[in-house]
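Hello,

Here is the structure I promised to pass on.

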Amino acid sequence: MFWGRPLDSALSRLKKRVVAPVRVVLWDGREVSLSDDPRVTLRLKGPGAAAALARPNMLSLAEAYIEGGIDVEGDVREAILGAEALSRAHGPALFDATGPTNGRHTRRDDREAIQHHYDVSNEFHQLWLDPRMVYSCAYFRSDAATLEEAQVAKLDHICRKLLLEPGERFLDIGCGWGALAMHAAAQYGVDATGITLSENQFRLATERIRSAGLQGRCRVLLQDYRDHPGEDFYDKVASVGMFEHVGLKNLPGYFETVRRLLRERGLFLNHGITSSDTKNRAVGFGAGEFIERYVFPRGELPHLHRVVHDMSEQRLEVHDVESLRPHYARTLDLWSANFERHLQEAAAASSQRVARIWRLYLAGCAHAFEQGWISIYQILASKQAKPGKTGLPMTRDWMYRS
């Protein structure tokens, strides 16, 4: 067991090597502060949790918290800062030295992974998302914008980039709870189809479409993107926060599916999280392992250059690339703050363990985007299987008109 002199030695080493706004309090009353101004307390509840301090990283510390061996008192964002400082003292490499995982991505595997992440419960997600339940990066046109305003601005930003016109056929791959498809149908007059693998999302989106009276020109299907039929059928296609689930090896097939479904000169917008590492490696310090094990099974993030390469291989000509990293840092910060205000309700809507996982996940991702460990891009492309003009305006002014 890890107590007594070995524990005293470990605490002494931490005191010498780590500066963080953290106080560590043991079950027997001993404590050590890792700065002159600790703003968060990690309270260890027994000897088992102390093992996380032997060689701390963000995974071992997270697991001790998830399993109830550590309690966090104070700002969870400060706790994330402390976990990073503890992890850096033992593993200075920012990205995982093992490289991409290249995990399996069969239809069954992907369905199980999606349902693991999204099917906690609709009530759970409603506690901290905006009223439309848009679970992707918002777009803040001003510092004063609320989360709800910024999410509507994001939906409009996507629709404007795609130059949506009344009567066009629009596909949203990985449609979530249907917000983008409904917005495109109601505000831009398109015939919108969304697809998702989440049963909870499918049921609620269908209810919301019916309640809004949009069922004649908007629908959601419970379907794998690879099984969606058609060729040269859609005028415009969007995929928001979905290709993170596809897998690096499957990116060519993913973009080939988009090319198959899209008409010639049709527009495609891919909005997705990317690795900041040019070798497509996950964030280190145990953070990537935490995400893989507890939040996003089989998730893999490509670097921007990999995305553009694989899109281009499928004759999807890239016209515009926009980084939204500051927007996602702010979005996640607001989600995390909402979650903190509803922590007990989140546990009631799921379980104490699940609530602890998501508490760390939201705060940790806000920190990761803020630090530039990961990023996010909107990439606008058109299907250019035949030579000739793109049909797009000569400038990008249309994207930013009020």
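Phe290 counts as buried, at 7% relative accessibility. Buried here means under 20% relative accessible area, exposed over 50%, and partly exposed in between, using a 1.4 Å probe and protein chains only. This is a predicted model: local features need pLDDT of at least 70, side-chain atom pairs count only at pLDDT 80 or more, and totals for chains, interfaces and linings use all residues. Residues are numbered from 1 along each chain as its sequence is written, and side-chain values use heavy atoms, with hydrogens and water left out.

Phe290 belongs to the buried set of helix H11 (residues 287-295), together with Ala287, Tyr294 and Val295. Down the axis of H11, these buried residues fall within an arc of 70°, so they line one face of the helix. The arc is taken from the directions from the helix axis to the C-beta atoms. Helices (H or I, at least four residues) and strands (E, at least two) are DSSP runs, numbered from the N terminus.

Tyr294 is buried too, with a relative accessible area of 13%. Phe290 and Tyr294 form a tilted aromatic pair, 5.8 Å centre to centre with 35° between the planes. Rings of Phe, Tyr and Trp (its six-membered ring) pair if their centres lie within 6.5 Å; planes under 30 degrees apart are stacked, over 60 edge-to-face, and the rest tilted. Why are Phe290 and Tyr294 about one helical turn apart? Because they are four residues apart in helix H11.

The whole structure holds 20 aromatic pairs. In one, the ring centres of Tyr225 and Tyr254 are 5.5 Å apart and the planes are at 80°, so the pair is edge-to-face. This pair links distant parts of the chain, 29 residues apart: Tyr225 is in the loop between strands S7 (218-222) and S8 (234-240), and Tyr254 is in helix H10 (residues 251-261). Tyr225 is buried at 7% relative accessible area, and Tyr254 at 0%.

Two arginines are worth a look. The charged end of Arg169 sits over the ring of Phe233, 4.1 Å from its centre. Arg356 lies over the face of Tyr65, 4.4 Å from the ring centre. The test is NZ of Lys or CZ of Arg within 6 Å of the ring centre and within 35 degrees of the ring normal.

Now the cysteines. The search finds zero disulfides (a pair of cysteine sulfur atoms within 2.5 Å). For Cys159, the nearest cysteine sulfur is that of Cys218, 11 Å away. Cys159 is buried, with a relative accessible area of 1%.

Best wishes
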